[in-house]
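Dear colleague,

Please find below the structure that I am handing over to you. I would be grateful if you could look through it alongside the notes that follow.

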Amino acid sequence: MLDAARAVSEADGWAAVTSRRLADVIGYTQPVLYAHFPGGKTDIMRTVALSGFTELASATRAAVGRKTGARAVTAVAGAYLDFAAVHPSLYEAELAARFGTDRR
């Protein structure tokens with residue numbers, strides 16, 4: 001379900017992620033989606049965002065490596081901006097999770 005939500009959002013944006021479309025993509029009914037995600041799209045976005053936070057943490061750790069001080073800060077900032085550029089829909093899901101808004 002989450003992979004499908006992420007794929008749809010990456011292809012067409014979060015506005016295209018609807019319970020009907022996800023149900024069609026994964027071959028389940030809409031009630032099955034709501035059984036797993038009672039909060040609907042917002043819950044799905046938040047769960048996708050959690051995986052994104054894990055990916056972002058790995059990217060920033062890799063970018064920092066053994067750097068310290070200003071070089072480490074620059075590396076983290078660069079990794080963060082690169083992540084947002086490469087994964088805009090995942091970044092948007094993270095913003096929704098972080099600030100509690102469903103950015104439809």
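Predicted model: local features only at pLDDT ≥ 70, side-chain atom pairs only at ≥ 80, totals over all residues.

Salt bridges

Three salt bridges are counted in the model. The side chain of Arg6 meets that of Glu10 in a salt bridge, with 3.0 Å from N to O. Arg6 and Glu10 lie four residues apart in helix 1 (residues 2–12), and therefore about one helical turn separates them. In general, an α-helix has 3.6 residues a turn, so residues three or four places apart point the same way.

Arg6 also forms a salt bridge with Glu55, where the distance from N to O is 2.6 Å. This pair links distant parts of the chain, since Glu55 belongs to helix 4 (residues 41–64) and Arg6 to helix 1, 49 residues apart. Taken together, Arg6, Glu10 and Glu55 are linked in a network of salt bridges.

The accessibility of these residues may be of interest to you. Arg6 counts as buried because its relative accessibility is 16%, and buried means under 20%. Its two partners are partly exposed: Glu10 has a relative accessibility of 45%, and Glu55 has 30%.

The remaining salt bridge joins the side chains of Arg21 and Asp12, at 2.7 Å from N to O. Arg21, at 32% relative accessibility, counts as partly exposed. Asp12 is likewise partly exposed, at 46%.

Helix 5

Helix 5 comprises 18 residues, numbered 69–86. From its first C-alpha to its last it reaches 26 Å, close to the 26 Å expected at 1.5 Å a residue.

Which residues of helix 5 are buried? They are Ala72, Ala75, Ala79, Phe83 and Ala84. These residues cover an arc of only 165 degrees around the axis, so they lie on the same side of helix 5. The other side of helix 5 carries exposed residues, namely Ala70, Arg71, Val73, Thr74, Leu81, Asp82 and Ala85.

Yours sincerely

How values were computed:
Residues numbered from 1 in each chain as written. Heavy atoms only, no water. Helix = DSSP H or I, 4+ residues; strand = E, 2+ residues; numbered from the N terminus. Expected span 1.5 Å × (residues − 1). Buried < 20%, exposed > 50% of the residue type's maximum accessible area, 1.4 Å probe, protein only. Arc of directions from axis to C-beta. Salt bridge = Lys/Arg side-chain N within 4 Å of Asp/Glu carboxyl O.
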